[in-house]
Amino acid sequence: NSDESVPLPSDSHFVELESEVSSYQRANASFFSLVRNEELYSLLESITHVETRFNQRYHYDWIFANDEPFTETFKREVQNLVSGNCTFVTIPEEYWSYPDFIDQDKARATRERMTKAGIIYGGSESYRHMCRFNSGFFYKLDAFKGIKYYWRVEPDIQFNCDLPFDYFKYMEDNDLKYGFTMALHELAYTINGLFDATKEFFNELHPEYVSKNNHIDFISQDEQQSYNLCHYWSNFELGDLDFLRSKEYNEYFDHLDSKGGFFYERWGDAPIHTLAVSYLLTKNETHYFDNTGYYHVPHTQCPTLVKDRMDYHCICQPSSDFNWGNVDSCVPLYHDTKGMKRPDRYTAMVY
Ligand code: GDP
Ligand code: MN
C-alpha cells in the first residue's frame, strides 16, 4: 500500500460487542446443524449470516451432527466463526441405519421407481436417513441433554435482515414450542400414506393426545379427509426439545416409522413435524417469525414495507418475497386459521 498518509486502523475502530452482553442471561438453547464435511464452505456462509444478523450479540452455542466423523479442518474453521461453544457429534449408527423390520430390497425398489419417475431425491438412500434422523432422533443425541430449545440451520441459507431480538428468549418468555419463517405445500407424491398413518394414530389409537385448541385447520380444510400439504419449512425451525422428547411425539414417530414410509416412500421431516405440531400443540404455541429475510433455495422471505426494510437493514429484493406473493405459500392460511390479520402488504409494497 503506497498511500502512507492513510493511517492504519487503530484499536478504537474495532468495536467490541462483548461489553454489551457480558451480563446477558441467555435462554437454555443451542443452534443445530446436521451437515456433511463436504458442505463446510456452504455452512460457513450460513454461520456468517447467523452470527452477523443475530448471534454476535448473544453467543449461543451450536451443535453439529454428522453420520461420519467431522474432519479437523471442519471443526477448526467452524469454531473460528461461531461466537458460542461448538459441539461436534458423530451420529450413533442406530440413529442412521435401517430398522430390522425394513425390507431393504423393497426400499431399493422404491428408490429405483422414484428415480425413474424423476422425483427429487427419490433415488437417494442418505436423504431418507436424513429425514428419519430429523424426524425422530436428533433430539435424542447426548449433546442435547438438558437443553430446552434448538434452532436448526442448514448450509447455504441466508438471513438478509437483522434479527434484532433474542428468538430463543422469545420462545421461552411466551411458552412457544415451535417457530418457523416459511410454510408451503409439500410434493404430494413424496408422502403417500403419511396422512392415513397420522389419522390412524391421532383419531383411532390416541384421540386423547389431540390438543383441545389444536391447529388441524392449518393442515386440512375438509374435516381431515385430505391433507392440504401445508408444512412449516423445517430447514429453518426453532423448537422446544421437551415437546420432541414427549411420550406423545415419540409414540407418533414410532407409529410412522413402523409403517416404513421413510424407506418405502420418501416421507420428509417437515410434514411430519407440521402434522405433529398441528395435532399435539395449541395454536398459541406456534409462532411465525417475520422480517427475517430468510433464504433457502429456491425461496426467499423478504419484508416489503419500507419501514421494516430500514429498521432491519434488509438487503433482499422486495419482489422476491414468497410468503405473501406466491400462491404456494401457506403463511396466509396460517394467519387466517389463527385469527390473525394479514398484513396489508400488497398495497404497501414498494419496488
Ligand atoms: P433439502 O433442503 O431438502 O434440499 O436437503 P439438504 O440436502 O439441504 O439436506 C438437509 C440437511 O441435512 C442439510 O443440513 C444437509 O447438510 C443435511 N444432510 C443431508 N444429507 C446428509 C448426509 O447424508 N449426511 C449428513 N451428515 N448430513 C446430511
Ligand atoms: Mn437444504
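At what angle do helix α2 and helix α3 pack, and how far apart are their axes? Helix α2 (residues 40-53) and helix α3 (residues 72-81) pack at about 15°, and their axes are 9 Å apart.

## About the model

This is a predicted model, in which local features need pLDDT of at least 70, side-chain atom pairs count only at pLDDT 80 or more, and totals for chains, interfaces and linings use all residues. Residues are numbered from 1 along each chain as its sequence is written, while chains are lettered from A and ligands numbered from 1 in the order in which they are written.

Helices (H or I, at least four residues) and strands (E, at least two) are DSSP runs, numbered from the N terminus.

## Helices α2 and α3

Two packed helices are described by the angle between their axes and the distance between the axes. Here the axes are lines fitted to C-alpha atoms, for helices over the stretch in contact, and angles run from 0 to 180 degrees between N-to-C directions. α2 and α3 are therefore roughly parallel to each other; angles under 35 degrees count as roughly parallel, over 145 as roughly antiparallel, 65 to 115 as roughly perpendicular and the rest as oblique. The crossing of α2 and α3 is right-handed, a term for the near helix being turned clockwise from the far one by less than a right angle, with anticlockwise giving left-handed.

On the α2 side, L40, L43, L44, I47, T48 and E51 meet F74, E77, V78 and L81 of α3. Two residues are in contact if their C-beta atoms, placed from the backbone, lie within 7 Å. By class, this contact of α2 with α3 has 7 nonpolar, 1 polar and 2 charged residues. Ala, Val, Leu, Ile, Met, Phe, Trp, Tyr, Cys and Pro count as nonpolar, Asp, Glu, Lys and Arg as charged, and the others, Gly among them, as polar.

## Helices α10 and α12

Helix α10 (residues 247-259) and helix α12 (residues 269-280) have axes that come within 11 Å and cross at roughly 135°. That angle makes α10 oblique to α12. Their crossing is right-handed.

In α10, the residues E248, Y249, Y252 and L256 meet I272, A276 and L280 in α12. The contact of α10 with α12 has 6 nonpolar, no polar and 1 charged residues.

## The two sheets

Strands of a sheet pair through backbone hydrogen bonds, either parallel or antiparallel. Two strands pair if DSSP finds at least two bridges between them. An open sheet of 7 strands runs in the order β3-β2-β1-β4-β9-β6-β10, with mixed pairing. β3 (86-90) and β10 (286-288) stand at its edges, each with a single partner strand, so one side of each is left without a neighbour in the sheet. Neighbouring strands of this sheet are turned by 20° against each other on average, direction ignored. Within it, 4 bridges join β4 (residues 149-152) to β9 (residues 237-240), and these run antiparallel. R152 stands opposite E237 in β9.

There is also an open sheet of 3 strands, in the order β5-β11-β12, with antiparallel pairing. Its edges are β5 (158-159) and β12 (299-300), each with a single partner strand, so one side of each has no neighbour in the sheet. Strand β11 (residues 294-296) is joined to β12 by 2 bridges, antiparallel, and Y295 stands opposite T300 in β12.

## Around ligand 1

Ligand 1 is surrounded by 13 residues, the closest being V35, N66, S126, M130 and E154; a residue is near a molecule if its C-beta atom, placed from the backbone, lies within 6 Å of it. β1 (29-34) and α5 (125-136) are the elements that give two or more residues to this shell. α5 gives the most, with 3 residues. By class, the shell has 5 nonpolar, 4 polar and 4 charged residues.

## Backbone details worth a look

Most residues other than glycine have a negative phi, and most peptide bonds are trans. D175 has a positive phi of about 50° although it is not a glycine; D175 lies in the loop between α6 (167-173) and β6 (178-180). A cis peptide bond joins V297 and P298, with omega about 5°, and P298 lies in the loop between β11 and β12.
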